[in-house]
Amino acid sequence: LTMLPQWVRRVTIAPSVVLLAGLVLLNSPLLLLAALAASPLLPGRWRPLRFAWFAFLYLLLDAGLLLVLFVLWVATGFGAWMSSPWAQRVHYRLLGWALRVLEAEARRMLRVTITSTGATPDDFARSPLLVLVRHAGAGDSFLITDLLINWYDREPRIVLKAALQWDPALDVLLNRLPTVFVDHSSRTDRISLVRRLASDLDDNDAFTIFPEGGNFTPGRRSKAIEWLRRQGSQRQVAMAEDLRHVLAPRQAGTAAALAAAPDADVAIVAHTGLEHLNSVKAFWRYMPMDTEIRVHWWRVPAGEAPRHPDAVGDWLFGWWGLMDDWIQANRPEVVTEAIDDPTTRTEPITP
């Protein structure tokens, strides 16, 4: 869908969500009772009730954030001081709190556990950080942002899909923070935006990018390999064909970020446990999930990361190969079963 202009989204979608949340809240006893009554009639363990509760919580959280964001807009002189350090910090704290709420409910209602291994916050000195993340499954951008804010105590600058702006709270909140929304149908110079976002990082910033450009699917894997073949990159074609669980990484955005932040350490982040949630149908089918989401962090000191564009490609493929091996050894059983089940291979949804 083509994104509506920002002012249109502000005066139509945002108020509509607040109004809808009020109506749902007034009728919540009836709605939750209906979901409770339907639960024994459908497969799964209280699946309709879990789904209804999580959707209800998300809607209320969205509406609540919009009201708080309006207050913050007034408090910052109707936006005049929005870029001040204190206002930015308050918005990051608000985003971190919202993500903690969603994580807590995912653990409780969806029966998800999250395990993070590898480099710890103490391993990353108080210096700028570039974060290169695998892209797979619904919500992985939320997951990594949650960990960066609430565990690593970082203020992430993120490259995200433009479609996330259909969520009005995310639209308002993230457009007040250093964020690049990528619309692949647009002619905007995305590399220039990435370069600008990765510049002038301070010691608690973390520029975050997903080099694959989209969630992993077998179809996208084939298209990525074919694109490399058309470019005549036979060496990288061979490396991409060896990757089983990740897409061939695109190097232009990563190269621009590395060149723009020569003093930044690099975090390479792999995760597994979300791959099977590639459609609304799959999300419903696997609720409750009863799964462990595993995240692993590798640290590359600033002096060991390449800064010349010609050296980035092979370096990135090398790390993605290591990431591929880690996923093969660590992905939960439910992911393996789901990927082998053709009934889950439907149209991907926005992370």
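The largest pocket is lined by 36 residues, and F54, Y58, G139, F142 and F283 lie nearest its centre. About 1100 Å³ of space lies in this pocket. The model is predicted: local features need pLDDT of at least 70, side-chain atom pairs count only at pLDDT 80 or more, and totals for chains, interfaces and linings use all residues. Residues are numbered from 1 along each chain as its sequence is written, and side-chain values use heavy atoms, with hydrogens and water left out.

A pocket is an open set of points on a 1 Å grid over the protein atoms alone, with protein on both sides within 12 Å along at least five of seven lines; a cavity is a set where a 1.4 Å probe fits but cannot get out; lining residues have an atom within 4 Å of a point. Volumes are the space filled by probe spheres set on the points, which are joined across faces, edges and corners.

Seven elements each supply at least two residues of the pocket lining: α1, α3, α4, β1 (112-118), α5, α6 and α11 (280-285). Helices (H or I, at least four residues) and strands (E, at least two) are DSSP runs, numbered from the N terminus. Helix α3 gives the most, with six residues. By class, the pocket lining has 29 nonpolar, three polar and four charged residues. Ala, Val, Leu, Ile, Met, Phe, Trp, Tyr, Cys and Pro count as nonpolar, Asp, Glu, Lys and Arg as charged, and the others, Gly among them, as polar.

Four cavities of 30 Å³ or more turn up in a search of the whole structure. The table covers two of them.

| Cavity | Volume | Lining by class |
|---|---|---|
| Largest | About 130 Å³ | Eleven nonpolar, no polar, two charged |

Of the 13 residues that line the largest cavity, Y58, L65, A98, L102 and L170 are the closest to its centre. Its lining draws at least two residues from each of α3 (47-75), α4 (85-109) and α6 (168-175).

The second largest cavity is lined by L95, L99, S141, F142, T145, I158, L160, L164, L170 and L174. Elements giving two or more residues there are α4, α5 (140-150), β3 (155-161) and α6. The largest share, three residues, comes from α5.

Now the helix packing. The axes of α1 (residues 6-26) and α2 (residues 28-38) come within 4 Å and cross at roughly 70°. That makes α1 roughly perpendicular to α2. V24, L25 and L26 of α1 meet S28, P29 and L31 of α2. Contact means heavy atoms within 4.5 Å. Five of these contact residues are nonpolar, one is polar and none is charged.

The axes of α2 and α3 come within 7 Å and cross at roughly 155°. The two helices are therefore roughly antiparallel. From α2 the contact uses S28, L32, A35, L36 and A38; from α3 it uses P48, L49, A52, W53 and F56. Nine of these residues are nonpolar, one is polar and none is charged.

Axes are lines fitted to C-alpha atoms, for helices over the stretch in contact, and angles run from 0 to 180 degrees between N-to-C directions. Under 35 degrees counts as roughly parallel, over 145 as roughly antiparallel, 65 to 115 as roughly perpendicular and the rest as oblique.

Last, charge pairs. The whole structure holds 18 salt bridges (a side-chain nitrogen of Lys or Arg within 4 Å of a carboxyl oxygen of Asp or Glu). One joins the side chains of D153 and R93 (3.8 Å, N to O). D153 lies in the loop between α5 and β3 and R93 in helix α4, so the pair ties together parts 60 residues apart in sequence.
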